[in-house]
Amino acid sequence: MSYTLHYDRWMPDEPAAVRVLARRKLAEYVDLLPPRTDAAVVDMGSGPGLLALALSERGYTNVISFDADAGQAAGGRRLGVDVRHVPVEETLAFLATLEGRIELFLLIDVLEHIDPDAQVAVLEAIRRTLAPAGRLLCQVPNADSPVAMRYRYVDWTHRCTFTTESLSHVLALAGMTVTGLADAPRHRVGGFGRGPRAWAWYALASAVRASTRLKMLPFVGKAVAFGVPLSPNMLAVATSDARSAP
């Protein structure tokens, strides 16, 4: 099944515009990058390798990008990015070759594409790739968002969406500990950019969030209504649970 048909809707045609998009995408996670530029970084389900492109511009020299779609891998090569084509059925074997080496594993907008029955096995394989201080960044659609249904069904290849509880649960089943779980960076303060127009959008989004939390309150209680992320996507940071088997 080709994912390129869907992805091409969002990709600019001009190489310069692609680079700008790549920098903006990486900027969302820049505070979570390893300090050493020789650190091993993996981007799974990388598409044409936008994060790897931006990482290379920042001097990172040990980035592994791979995607299950041959069209996406080919698109990466056209951009000068070494995106490996790893078919779905070869994913676990490929991850096994990275065991214990990875300091940052990027799973950005990918887990929701994996069949729920296979998610724990994939996450376990990802956990085993992590170095002792390695971290996983896992971004997924947020079922508590006001636009949750839109994000669940905008992409025909999505298999599920997540709440904070279900995302934490599947990561725990895979032997990982969640150390942070919040709104996706682009939807936090400053994520709309700068200037009067950006702040107007942020003010509108804040009003919608407040209204949504009030609507949730009588059904789920104060702790959930005023505690969960409400952005269309949410980002979890996870590490290997020290109690997990190697």
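Which residues are buried in H9? I took buried as under 20% relative accessible area with a 1.4 Å probe, protein chains only. Ala-198, Ala-205, Arg-209, Thr-212, Arg-213 and Met-216 are buried there.

The model is predicted, so I kept its limits in mind: local features need pLDDT of at least 70, side-chain atom pairs count only at pLDDT 80 or more, and totals for chains, interfaces and linings use all residues. Residues are numbered from 1 along each chain as its sequence is written, and side-chain values use heavy atoms, without hydrogens and water.

Helix H9 runs over residues 196-220. Helices are DSSP runs of H or I, at least four residues, and strands are E runs of at least two, numbered from the N terminus. I checked the length of H9: at 1.5 Å a residue, its 25 residues should span 36 Å, and its end C-alpha atoms are 35 Å apart, which agrees. The buried residues of H9 pack against strand E6 (176-183) and helix H10 (222-225). Just after H9, Gly-221 has a positive phi of about 90°.

Next, the cores. I counted buried Ala, Val, Leu, Ile, Met, Phe, Trp, Tyr and Cys residues joined through side-chain atoms within 4.5 Å. The largest nonpolar core has 33 residues. Leu-167 is among the members that touch the most others. Contact means heavy atoms within 4.5 Å. Not counting residues up to four places away in sequence, Leu-167 touches Leu-111, Cys-138, Val-140, Phe-162, Met-234 and Ala-236. A second, separate core of 25 residues includes Tyr-60 and Val-237.

Technical notes:
Buried < 20%, exposed > 50% of the residue type's maximum accessible area, 1.4 Å probe, protein only. Expected span 1.5 Å × (residues − 1).
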